[in-house]
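This briefing is written for a reader new to the structure. Please look over the sequence and the model first, then read the points below, which are grouped by topic.

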Amino acid sequence: MQRGSSERELAAGWEAEAVAVAEAPAAAAVAAAAEPVGVDSGAAGEPERKAPEEQSKERARAQPRAAEEGDALVTPRPPPTLPLAKPQPARVRGLCPHRKPRSKGRGCRRSSGRSADEYCSQRRVTVDSSKARTSLDALKISIRQLKWKEFPFGRRLPCDIYWHGVSFHDNDIFSGQVNKFPGMTEMVRKITLSRAVRIMQNLFPEEYNFYPRSWILPDEFQLFVAQVRMVKDGDPSWKPTFIVKPDSGCQGDGIYLIKDPSDIRLAGTLQSRPAVVQEYICKPLLIDKLKFDIRLYVLLKSLDPLEIYIAKDGLSRFCTEPYQEPSPKNLHHTFMHLTNYSLNIHSGNFVHSDSTSTGSKRTFSSILCRLSSKGVDIKKVWSDIISLVIKTVIALTPELKVFYQSDIPAGRPGPTCFQILGFDILLMKNLKPILLEVNANPSMRIEHEQELSPGVFENVPSLVDEEVKVAVIRDTLRLMDPLKNKRENHFPDIYVDRKHRFPPVSDRMSSSVLQLSKLFVARSQKLKQPAVKEEPSDSEPASASDANPNPEAHLPSICLKQVFPKYAKQFNYLRLVDRMANLFIRFLGIKGTMKLGPTGFRTFIRNCKLSSSSLSMAAVDILYIDITRRWNSMTLDQRDSGMCLQGFVEAFFYLAQRKFKMLPLHEQVASLVDLCEYHLSLLDEKRLVCGRSGTSGGRAPDSGTPQEAAASAPLAQGTPPACTNSAHKVSNSRHALS
Ligand code: ADP
């Protein structure tokens with residue numbers, strides 16, 4: 001793929017960061033420089049087993065893969081074979097019976113004559129950690145470092161932040177911030193992710209060539225067979241390998257490699273267990289002859305407006321058997337082909353290391369450092385990775401918005417959301433990053449199991465995990481700090497000063513290993529302290545000594561780097577489906593639904609002036625029925641009837657192709673989106689005028705049924721003209737951080 005000028009700019013922008021990250025672990029760099037470095041490439045592979053995984057249902061109506069990574073490690077697991085994880089019973093929705101909508105102003109309740117500003121500048125941020133599960137240890141350390149207040153058993157009064165280990169599943173949180181988005185678990189399932197990326201690949205094939213070609217089973221089995229046959233006929237020397245991944249699996253569960261479509265284990269399993277079959281990347285970059293992947297942590301800080309941060313360091317997980325290109329002989333060698341920590345930990349070759357730059361799990365910065373010492377252009381590697389992350393999030397956001405407006409409808413009290421995502425990325429031999437998957441619940445464990453004697457395991461701290469994960473959680477909290485803006489406004493000088501008081505990033509990072517080993521000692525002592533009891537006041541102020549106007553003064557610089565909207569200019573043109581989702585949401589009509597009814601679709605056609613002599617309303621109805629029927633037969637989710645977002649996108653593509661012939665697809669679609677937004681903005685303006693003159697009684701001039709009126713009445717709900725809709729607007733204000 002040729003890099004456009006935008007990506008060159010991005011590369012330049014990331015240059016400094018990449019260098020800083022690579023320079024970070026000074027100790028690692030020294031060690032790496034002393035060792036012989038083997039950066040070579042290899043060939044292909046095979047699958048293996050996975051341990052029982054907790055499959056909690058995010059919502060009773062869906063069947064998401066909601067397990068928190070690493071849960072399976074709670075109990076020792078059997079040695080690797082090719083297991084099938086049984087779905088676990090649905091989790092009972094956690095109840096916090098006493099939470100009530102926060103009354104206006106409670107967050108800044110005054111006491112003893114202090115002003116609201118003073119009070120907010122001194123009170124501590126409260127965090128409900130009662131559902132943090134395996135991320136609890138890292139969360140506790142983070143809260144302690146921030147000098148915030150933890151509520152490990154939940155709280156009668158509202159907290160500022162709710163930290164959930166698994167998924168967004170509380171309808172009883174009405175305020176504050178939750179670290180999960182509704183629908184994220186569904187969105188990153190293998191099939192949904194593949195579908196979302198495929199839409200983008202149809203529009204922007206060059207930009208989205210970082211995701212292996214994938215087919216969805218069982219629906220696309222025939223297509224898979226036909227396409228493979230076609231390519232093979234054209235090029236008999238092509239000897240591909242494919243990887244089959246169950247949709248609901250994780251940690252390598254049920255994954256296997258095949259050389260031919262006929263090897264797919266169809267018998268009875270696909271209907272019950274849908275899967276994705278994907279081109280296998282046969283030539284990964286190897287280090288020490290081993291395949292490895294990269295786990296990067298990405299913070300989706302806000303959906304609308306879109307805000308994305310990437311952690312400057314991540315993890316690299318290594319296979320434990322030297323890599324060879326896939327052949328019938330080695331296809332089943334799990335330890336050669338699958339990089340999952342949860343699998344390789346069971347290999348006799350797994351190396352636990354106290355160093356972040358050696359062993360079977362290392363920091364990504366140590367890998368960059370090593371590559372850099374071999375002359376690799378790590379700036380380009382970084383900028384390609386950033387680009388992959390932004391593009392992937394852009395593919396996910398349209399449907400996430402639909403979930404969001406359904407779960408937290410505009411006008412009802414609800415929390416705002418943020419989420420840490422785990423991106424699994426493979427570097428090819430030519431250093432091109434490939435997206436393997438996105439985890440909605442990346443493991444935040446900071447310890448690993450050690451076998452003391454046969455069958456006897458103990459959890460011991462893992463330095464590499466702690467170094468990376470505590471920083472990610474702590475700095476996520478810092479970015480989400482609800483009181484930060486108040487403090488910054490109140491003590492602006494201190495915050496300006498701070499920038500100058502801190503040493504350069506590279507200096508600070510080089511001492512991180514030392515700091516973390518100290519933290520280990522402190523942590524193991526402090527974790528043993530009794531849990532904090534619930535306290536009567538929800539906004540207990542910090543003590544006088546804690547009342548530092550700049551409570552972050554003792555902390556290192558934030559490890560999360562903003563990439564969006566920072567690079568919005570380079571990537572905004574890709575957000576076409578996002579704009580389609582805004583249209584879709586506008587015409588959904590009834591709040592809480594995720595599917596468009598026939599009237600809503602007709603209203604969309606009418607309000608956007610898309611019908612014509614060549615596209616009658618009868619033809620529109622047939623289009624709606626055709627597409628809706630097909631999508632409903634493909635998706636498991638039968639909770640609402642009507643057209644899902646993907647169906648709407650398909651219909652939109654069809655309409656765009658009819659209307660703007662002779663253009664590339666993305667231009668056709670962009671033209672149609674522009675046209676729709678234009679007509680809707682005219683309609684909004686008309687409504688505004690009519691509303692002011694009081695002649696239309698609040699109904700759109702061209703609206704027919706009440707539902708049509710509702711869909712075309714965004715201004716009455718406070719929506720600005722053009723480009724947005726009511727749900728969009730409200731979610732904007734919800735997500736906007738104070
Ligand atoms: P899971 O959620 O079960 O971990 P992944 O999609 O992450 O599933 O795949 C598991 C492992 O298989 C990855 O960590 C990677 O090592 C390997 N893998 C997955 N997809 C591919 C691919 N297309 N090419 C090469 N290796 C892959």
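Predicted model: local features only at pLDDT ≥ 70, side-chain atom pairs only at ≥ 80, totals over all residues.

Helix H11 has Phe-364, Ser-365, Ser-366, Ile-367, Leu-368, Cys-369, Arg-370 and Leu-371 as buried residues. The helix spans residues 364–373 and is mostly covered, with eight of its 10 residues buried.

**After helix H11**

- Gly-375 follows H11 and has a positive phi, near 90°.

**The ligand and its surroundings**

- The ligand sits in the largest cavity.
- Two or more residues of the shell around the ligand come from each of these elements: strand E7 (242–246), strand E9 (275–279), strand E11 (290–302) and strand E17 (433–439).
- There are 24 residues around the ligand, and those that come nearest are Lys-245, Gly-252, Thr-339, Asn-340 and Glu-437.
- Sorted by class, the shell around the ligand consists of nine nonpolar, seven polar and eight charged residues.

**Polar side chains at the ligand**

- Glu-437 places a polar side-chain atom 2.6 Å from an oxygen atom of the ligand.
- For Asn-340, the distance from a polar side-chain atom to an oxygen atom of the ligand is 2.7 Å.
- The side chain of Asp-293 has an N or O atom 3.4 Å from an oxygen atom of the ligand.
- Taken alone, the ligand exposes 540 Å², and the protein buries 99% of that area.

**Gln-405 in helix H12**

- Gln-405 belongs to helix H12, which covers residues 378–407.
- Gln-405 has a relative accessible area of 10% and is therefore buried, the cut-off being under 20%.
- At 2.9 Å, the side chain of Gln-405 reaches the backbone oxygen of Thr-593.

**Lys-595 in a loop**

- Lys-595 lies in the loop between helix H19 (576–588) and helix H20 (598–607).
- Is Lys-595 buried or exposed? Lys-595 is buried, because its relative accessible area of 6% falls under the 20% cut-off.
- The side chains of Lys-595 and Asn-632 are joined by a polar contact of 3.4 Å.

- In helix H11, eight of the 10 residues are buried, including Arg-370.
- Gln-405 is buried in helix H12, and Lys-595 is buried in a loop between two helices, H19 and H20.

Definitions and conventions
Residues numbered from 1 in each chain as written. Heavy atoms only, no water. Near = heavy atom within 4 Å. Polar contact = N/O pair within 3.5 Å; in protein donor to acceptor, adjacent residues only side chain to side chain. Areas by Shrake-Rupley, 256 points an atom, 1.4 Å probe, with all protein chains shown as cover. 1 Å grid on protein atoms, 1.4 Å probe; cavity = no way out; pocket = protein on both sides within 12 Å on 5 of 7 lines; lining within 4 Å. Sits in = over half its atoms within 2 Å of the grid points. Helix = DSSP H or I, 4+ residues; strand = E, 2+ residues; numbered from the N terminus. Nonpolar A, V, L, I, M, F, W, Y, C, P; charged D, E, K, R; others polar. Buried < 20%, exposed > 50% of the residue type's maximum accessible area, 1.4 Å probe, protein only.
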